[in-house]
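Subject: Handover of a structure

Dear colleague,

Please find below the structure that I am handing over to you.

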Amino acid sequence: MASLLTATDGRTRCAWVGDDDEYRRYHDEEWGRPLRGDRALFEKMALEGFQAGLSWITILRKRPRFREVFAGFDPALVAAFGPDDVERLMADAGIIRNRAKIEATISNAALVRDMAEGELDALMWSFAPPASRPRPRDFGDVPAVTAESTALSRALRSRGFRFVGPTTMYALMQSAGMVDDHVEGCWRADTVADASGGESEVSDRIG
């Protein structure tokens with residue numbers, strides 16, 4: 001599979017965007033840009049968990065509905081969900097109806113709610129690798145899991161978080177800008193902001 005694709009707008013991008021307009025927008029505006037904040041990272045964690053076994057474009061297209069039915073991923077509000085909410089979510093065709101993932105999102109929300117403000121952000125970003133790591137030259141250089149994502153997974157699991165395996169966490173690190181995996185030649189490769197700038201947000205794990 002080619003690692004780069006030049007679209008009709010003349011821009012060369014990571015080839016996983018294909019010809020899907022929403023994927024293109026996500027690649028250009030979100031993927032690899034530093035995402036900060038407990039609520040934003042909790043949402044990312046939840047959606048990456050729901051992605052397991054699916055393609056990211058499926059989650060991306062359903063994200064507006066996920067945000068609607070999960071109270072904007074406000075941890076305090078989601079943590080208050082009860083059995084009736086689980087059944088409501090299980091009946092909603094606009095999201096991924098997986099009981100284990102729904103219940104994990106609610107229990108994870110309670111853990112975030114009970115953390116100090118900024119604690120989840122600080123914890124997750126503490127596992128970001130050095131910014132000086134080599135840029136991938138093609139998809140073959142992009143790992144599915146790293147020592148950092150394994151350590152992050154272990155740290156979250158030790159606190160009781162679920163659906164936070166090493167592969168899922170590496171996808172989160174890519175999408176939240178903790179790592180920059182835009183391949184050489186992609187127009188975004190030289191424009192991804194440094195993590196200190198604080199900007200918001202190969203297999204099917206694009207995340």
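The side chains of R65 and D92 make a polar contact at 2.6 Å; a polar contact is a pair of N or O atoms within 3.5 Å, where within protein one must be able to donate a hydrogen and the other to accept it, and residues adjacent in sequence count only if both atoms are side-chain atoms. This is a predicted model, in which local features need pLDDT of at least 70 and side-chain atom pairs count only at pLDDT 80 or more, while totals for chains, interfaces and linings use all residues. Residues are numbered from 1 along each chain as its sequence is written, and side-chain values use heavy atoms, with hydrogens and water left out.

R65 belongs to helix α3, residues 56-69; helices (H or I, at least four residues) are DSSP runs numbered from the N terminus. Setting aside residues up to four places away in sequence, R65 touches D92, G94 and I95, where contact means heavy atoms within 4.5 Å. R65 is partly exposed because its relative accessible area is 29%; buried means under 20%, exposed over 50%, and partly exposed in between, with a 1.4 Å probe and protein chains only. From C-alpha to C-alpha, R65 and P134 are 37 Å apart in space and 69 residues apart in sequence.

- R33 is in the loop between α1 (21-29) and α2. R33 counts as buried because its relative accessibility is 15%. R33 and S175 are 142 residues apart in sequence, yet their C-alpha atoms are 7.2 Å apart.
- R137 lies in the loop between α7 (119-125) and α8. With a relative accessible area of 62%, R137 is exposed. Apart from neighbours within four places in sequence, R137 is in contact with V183 and E184.
- R154 is part of helix α8, residues 147-158. R154 is exposed, at a relative accessible area of 55%.

Which residues have a positive phi without being glycine? A71 has a phi near 55°, and F163 has one of about 60°. A71 is in the loop between α3 and α4 (75-79) and is partly exposed at 25% relative accessible area. F163 is in the loop between α8 and α9 (166-175) and is partly exposed at 36%.

A cavity is a set of points, on a 1 Å grid over the protein atoms alone, where a 1.4 Å probe fits but cannot get out, and lining residues have an atom within 4 Å of a point. The space in the largest cavity is about 60 Å³, a volume being the space filled by probe spheres set on the points, which are joined across faces, edges and corners. Helices α2 (38-51) and α6 (99-113) each supply at least two residues of the lining. The lining has five nonpolar, three polar and two charged residues; Ala, Val, Leu, Ile, Met, Phe, Trp, Tyr, Cys and Pro count as nonpolar, Asp, Glu, Lys and Arg as charged, and the others, Gly among them, as polar.

Finally, a word on confidence. The protein chain has a mean pLDDT of 91, and 92% of its residues reach 70 or more; pLDDT is the predictor's confidence in each residue, from 0 to 100. Over residues 193-204, pLDDT stays under 50, and the model has 30 contacts beyond four places in sequence for them.

Yours sincerely

Definitions and conventions:
1 Å grid on protein atoms, 1.4 Å probe; cavity = no way out; pocket = protein on both sides within 12 Å on 5 of 7 lines; lining within 4 Å.
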